[in-house]
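Q: Hi, I'm new to this one. Could you walk me through it?

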Amino acid sequence: MVFVISRIPRTLALILVGAGLSISGFIMQQLSQNRFVSPTTSGGLEAAKMGILFAFILFPEASLTVRMLSALVFTFFCALLFIFFVEQVKHKNTVFIPLVGLMFGSILASVSTFFAFKHNIVQNTQEWLLGDFSAVLQGQYEAIYIILPVVVISYIYAERFTIAGMGESFAKNLGLSYHTIVYIGLLSVSLVVSASVVTVGAIPFVGLIIPNVVSMLIGDNLRRALPLTAFMGAVLLLVCDILGRLLVFPYEIPIGMTVGIIGGVTFFILILKRSK
Amino acid sequence: MKQRQKIIITLIILVIAVILFITYNMGNNIDYVLSRRGIRLATMIIVGISVAFSSVIFQTITNNRILTPSIMGYESIFILFQTLIVYVYGDKAFNVISQQENFFYAVLLMLFFSVFMYLLIFGRQRKNIFYLLLLGMVMGTLFNTLSQFMHVVIDPNEFSIVQNFMFVSFAKMNVKLLGIASGTLLVALVIAIRYIKYLDVIALGKDHAINLGLDYNKLIRLYMLIIALLVSVSTALVGPITFLGILVTNLTYELFKAKKHIHIVWLCSAVSCICLIVGQFFIEHVLSFSTTVSIVINFIGGVYFMYLIWRTRKKIS
Amino acid sequence: MENQKENKLVFQGIVKEYGKKKVVDGLDGAIKDNAITSLIGPNGAGKSTLLSILSRLLKQDGGDVFFMEQKLQDYKSSELAKKLSILKQSNQMDVKLTVRDLVAFGRFPYSKGRLTATDWQKVEEAIAFSDLQDFADAYIDELSGGQRQRAFIAMIIAQDTDYILLDEPLNNLDMKHSVHVMKTLRRLVDELGKTVVIVIHEINFAAQYSDYIIALKDGKICYNDTTHRVINPHILHEIFGIAFDIIEKNDRKICNYFNL
């Protein structure tokens, strides 16, 4: 019984979220043509948190679906604003963009804090937002399946994302509508981020490091890189989940933390490598 | 002429704000109220000046008006430190460690952190400063995750102790601490003012600065040290106010057309003090302490930051 | 080629304004088929604007562009991508693609990302045509500026359109790469019967390699004629405002504008 109610949903959720988040990072990096961009470094996670918080304050009894929709709307507009901003920046200093993205995130966080403090739920917000799969049970995680169609879309659209990333005139020359591609890409990313934040909480860095590692291994040829990206994202989360469960058995370290540490350190190394 | 009027008006507002803050609705116990308010006012002035100096210097050496030094992870390491103390000692935490000791260790930790980061980036190869910032922010995210985890684990009573540190409050100061803080600030200011004239040249950009004969790398190292000192002092004193720096520097640049950095830093200090005092006044008397000044300033500063990005979107970078 | 109608790319009364300033004002003309046409003129004359309008990257505020006797804006963008290509200057990116991957993008209008054997053959041909065989598997971010520009031109060649528009393709290239690029364009016209339009700054490259020159000044077309006729000291002086000395050698003209 434990197996059907808890283990299977948990494993499925881990695989889907891992694959979805790393693909989102991939899409964002292609669109912005910047290796350091991802939901973590563009305010995406914070926007989703904010969406949930607002749903929580405005409709305390809101169902999971309402929270997710709210998160989706916030994430999508945040992503739009961010990509729009990236487009406007003339000299694309590789490091400057994620820097502004992180700032962007902390602003959203400070706005959230403003309201959370008012409603005296600061500690609660920390709690539901730290990625954790232990609460994933049958009947409570199904929103996560929305990631599945996104994976398919990203596979169909992969080339188009890269083309759009090379610029509007580049896309137009090849007969593509630049803006449509950007919208589809960002909507996909927002769906993944909001679905995963609502069901399991924020998991930082996955979308950032996996595409980078894959790119280092086999370059950016999309047809080859995408499946590996999804696969490695899933593997990372599974490994982190197992680690989190074994290290302090019988307790559990939330996955948001194990991934946060492993991902943070990896990103750290990536930056150092890049700065040479 | 107009410039001078603006400066005078700013100073008058500052004086009015100070007087109002001290004298408004004193009640019966005048001596007590006066001393409490005096301490709070002094704290705000120290913080205001630290934030103004560090932000102006930081923005000039990074050549960017939408960054602030406190994003580099200082605040996260501060919160992590405070959380750790509470995590280890529980609600007895602040019987074990005095406020002065806490301040001292926090400053030391933040300085150590910034030196470590600095060596990591600049030790091997002199690469652009944005890498340093990004690295700082990533470390910040990492620390945040750790703190977040502990926040979830500790019980709500203990969390409320941590929460006190997360959100600035000027109410919990004592005179001894104020003395130490103002001493540190003074040292930092003396160094800063001595070297501030070079900022006018550095504002032209690295290549021009070197062409004009400055030892660019040495100066940047020095400025980073000053910034680390200033940010550590203000953070350890009252906790994080991330967006105050962006808010006040940009207000200053918008209001005054000052060119020389020596003028800019002082004008900015005035603006920054006004923001804090007026903000605190409103929280005490209008909102009756229902929120804290840092949350309000971060909120306003954050919204203002978005507006800045929106407005200057073609010129940024 | 003979039985096809000439001048398939025609523009009439093109106006484009930014704010109140008219960058181009009432341009009329036609691009001669199966030839290289150079757009020349001083900075701000409207060369790049005209090129962008001809390639649908920019919408004109007045006038019409006709492509094969149909208005340009009536075409589906994806259809046009098989007939007309445009390469703008400065193609900077931060992706780890090989030259072959980049050139393969040229086949996107035909295969939408799923390349057939014929597509791959075209890609290899384009790489060979631009002399990039040795770099085909190198990552573009590791190439020199000149090699990278040639990789982008190879992509345009793989796109296999009859009309090829390039905005300052020689920008930032050294002499060797510049000559290489111009010779490649020449061969596109002479061997494959393409039509090429380029915006170009160095007058001698225009004089040596192009068949026709459209000279712009202050948003208007001053001359639209054969290279031989436009390369003339009086005309060039009128356009650029400096003195020119024309040296003829082997039936080609060289313009000297130094120390006159």
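Q: Which residues of helix 10 of chain C are buried?
A: In this predicted model, the buried residues of helix 10 (residues 233-240) of chain C are Ile235(C), Leu236(C) and Ile239(C). Buried means under 20% relative accessible area (1.4 Å probe, protein chains only), and helices are DSSP runs (H or I, at least four residues) numbered from the N terminus.

Q: Where on the helix do they sit?
A: They cover an arc of only 95° around the axis, so they lie on the same side of helix 10 of chain C. The arc is that of the directions from the helix axis to the C-beta atoms.

Q: What caps the N-terminal end of helix 10 of chain C?
A: Asn232(C) does, with a side-chain oxygen 2.7 Å from the backbone nitrogen of His234(C). After helix 10 of chain C comes Gly241(C), with a positive phi near 75°.

Q: Switching topic: what's the strand order in the open sheet of chain C?
A: The order is 2-1-4-5, with antiparallel pairing of the 4 strands. Strands are DSSP runs (E, at least two residues), and two pair if DSSP finds at least two bridges between them.

Q: And which strands stand at the edges?
A: Strand 2 (21-31) and strand 5 (70-71) of chain C; each has a single partner strand, so one side of each lacks a neighbour in the sheet.

Q: How many bridges join strand 1 and strand 4 of chain C?
A: They pair over 5 bridges, and Leu9(C) stands opposite Phe67(C) in strand 4 of chain C.

Key: Residues numbered from 1 in each chain as written. Chains lettered and ligands numbered in written order. Predicted model: local features only at pLDDT ≥ 70, side-chain atom pairs only at ≥ 80, totals over all residues. Heavy atoms only, no water. Buried < 20%, exposed > 50% of the residue type's maximum accessible area, 1.4 Å probe, protein only. Polar contact = N/O pair within 3.5 Å; in protein donor to acceptor, adjacent residues only side chain to side chain.
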